[in-house]
Each structure stands twice: as C-alpha cells, then as structure tokens.
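Have a look at the model first.

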Amino acid sequence: MRFGLHTALPRGPEFAGFAVDVEKSAFDVLTVPDHLVASLSPFSGVATACAVTSRLHTGTLVLNNDLRHPVETAREAASVAALSGGRFELGLGAGHMKSEYDGAGLKFDRGGIRVDRLIEAVEVIRPLLTGEAVDVDGAHYCVRADAGQLVAAPGVAVPLLIGGNGTRVLQLAGRLADIVGLAGFSHNHDATEVRLTHFDAVGLADRIAVVRDAAGDRFDAIELNALLQFVVHTDDRATAAAELAAPFGVEPDLLLESPFALLGTHEQMAEALCERRERFGISYWTVFDEWPGRASALPVIAEVIKLLR
C-alpha cells in the first residue's frame, strides 16, 4: 500500500521542514490541492518538497483544469518531474468551487462543459509529457506542435491521476489515467453542498465499475486511490461515528461502514485497510493534514503505517 498526506496550509518558510517530517513519518506522497484561497500554490509547494527530500513523491490533488492552459500545465509538470528525478504525480480535475471562479472573475460553466474541457486538456497534456507531437483541434483548445517543440520531455514517467466522482470524469480516468482518485461524494452545482452519493461500499463498487468498463484490458494496470474523508483514532467507534454523521444528516452506520472513513484503534484501522484492499483493489490511500475544522491525520496514519509494514 501507498499512503499520501494532503496539505494546503500556507506554512511559509517552515514548509520545507514539514515535508522532511512527512518523509520521516514513512508517508509515500505529499499532495497539494489547487484552490483560490489562502493556501500553497501547488507547483511551488511540490517543487519545494521534492527539493528537500530524497524518497518522498509529491503530487497535485487535483489541479483545477480551468485555471491553466494545458500546455502550461504540461510544462510545469514536466519541470517538477525532471528536477525531482521522477517523484511527481500530476493530478487533474474539472474544477468545482464556483466561489473561486466568482472571486477571480472567471466564467463558471455547467459541469458538462468543464468536463469537456478537461477531456481535451488531457489529450494535450499526455503527449507533451511523453515527448510526442500533439495535434488537438477541439472546441476549447487548439494545440499543434512537433515533438519537443512546446515542452521539453522530462525523461521520466509522470503518472497521471484523474480524480472525481462523476461518471464522465471516471470514464476519462479509466481510458487514460495511471491513477484514479475516488472521493465518494459529489457537490451541488455551485459546491455549497456536499452530497455523500457514493460513500458506502455499494457506491464505491459502482464507481470502480465505471472505471473498469472504460478501462477494458488496461484496468489491472491502474492504481486506485481513495481520499479518506474522516480519520479518528478512538476506542469508541460508535460515538465517533455519531458525532461525524450529525452535520450531514446521515445515520452513524454509514460512517462506521464507509470505505472513505477510518475510525477505531490503530490495529482496527490497519485491519480495515487490508480488508478494503482485498475487497476493492484500492492500494493508495490519502489522508488530510490539518485543515479548517479538522486535526491532522498524520500522527494517526504514521502509526498505522508502522503496523502494516
């Protein structure tokens, strides 16, 4: 199994030391999101983390495709991958936070159009990262260039992670991604409401089936990643589940049984992750660092990693 820590705090000069601590805690990946809020810039953050570590991989989880032209995304990704010796994973998404678009004066198109743009962007980015010529003339991007003309190929593999919950995004991931990121929830149109649409075992199995159908023969080569939304170290799982469930108006049993929640002792957590790997094929788990309203899962998962390894 691989473990990732997801962080966005604007730590300033101490971020480099934080990245070193993450590596020492036996995490495999440090990822940074892409939101127009007071947080780290994703490429600056991952480049810094790579510069001060030797084993740790970094990644974007996930870039908002609408904030950059795909050629620029490919150039930044290729640069970090080359400078780090192949320790970078490029995570892409369609964007969903309307408030960020409004604040930046960007048009917030309906979800289908944003996904259309993401699909075209991937068709541009993939060949640029592998040193191939690109010839895309779509509704949103027109990029034509010979191999190596726009972006210097990094000379190392740049795994592509596509994350989301919607059917078309997961179909795209099945067709083209190296890693599929699963979250278990969706937002309403303007992302003011979280809906736990695929948060239970049945929902997760349904989303994986979408990926499998789109992937065909390449499914076994895809790494499945899940973003653990809740990690609580406790001897009283029932009480913890009840407290977490209340704000969402759902039954505590959903949290107790969800593949996207991890509640219990360190031993119970380790056993649960092994069971989920066998049941769903998920071998890459990402947890949150300190976030508004939640404590960091780093110390808890560090202990779980020790048990598993």
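What follows is a set of questions and answers about some helices in this predicted model.

Q: What makes α10 and α11 count as roughly parallel, oblique or roughly perpendicular?
A: Their packing angle is about 65 degrees, with the axes 9 Å apart. Roughly perpendicular covers 65 to 115 degrees, so α10 is called roughly perpendicular to α11. As for handedness, the crossing of α10 and α11 is right-handed.

Q: Which residues of α10 and α11 meet each other?
A: From α10 you've got His266, Glu267, Met269, Ala270, Leu273 and Cys274, and they meet Val300, Glu303, Val304, Leu307 and Leu308 of α11. Sorted by class, that contact has 8 nonpolar, 1 polar and 2 charged residues.

Q: How do you know what span to expect for α5, and what span does α5 reach?
A: You take 1.5 Å times one less than the number of residues. α5 (111-129) has 19 residues, so the expected span is 27 Å, and the helix reaches 26 Å from its first C-alpha to its last, close to that value. After α5 comes glycine 131, with a positive phi near 75 degrees.

Q: What makes a residue of α7 count as buried, and which residues are they?
A: The cut-off is under 20% relative accessible area. In α7 (201-215), the buried ones are Ala201, Gly203, Leu204, Arg207, Ile208, Val210, Val211 and Ala215.

Q: Which elements do the buried residues of α7 pack against?
A: They pack against α6, β9, β12, α10 and β15. Just past α7, glycine 216 has a positive phi of about 65 degrees.

Terms used
Residues are numbered from 1 along each chain as its sequence is written. This is a predicted model: local features need pLDDT of at least 70, side-chain atom pairs count only at pLDDT 80 or more; totals for chains, interfaces and linings use all residues. Side-chain values use heavy atoms; hydrogens and water are left out. Helices (H or I, at least four residues) and strands (E, at least two) are DSSP runs, numbered from the N terminus. Buried means under 20% relative accessible area, exposed over 50%, partly exposed in between (1.4 Å probe, protein chains only). Contact means heavy atoms within 4.5 Å. Axes are lines fitted to C-alpha atoms, for helices over the stretch in contact, and angles run from 0 to 180 degrees between N-to-C directions. Angles under 35 degrees count as roughly parallel, over 145 as roughly antiparallel, 65 to 115 as roughly perpendicular and the rest as oblique. A crossing is left-handed if the near helix is turned anticlockwise from the far one by less than a right angle, and right-handed if clockwise. Ala, Val, Leu, Ile, Met, Phe, Trp, Tyr, Cys and Pro count as nonpolar, Asp, Glu, Lys and Arg as charged, and the others, Gly among them, as polar.
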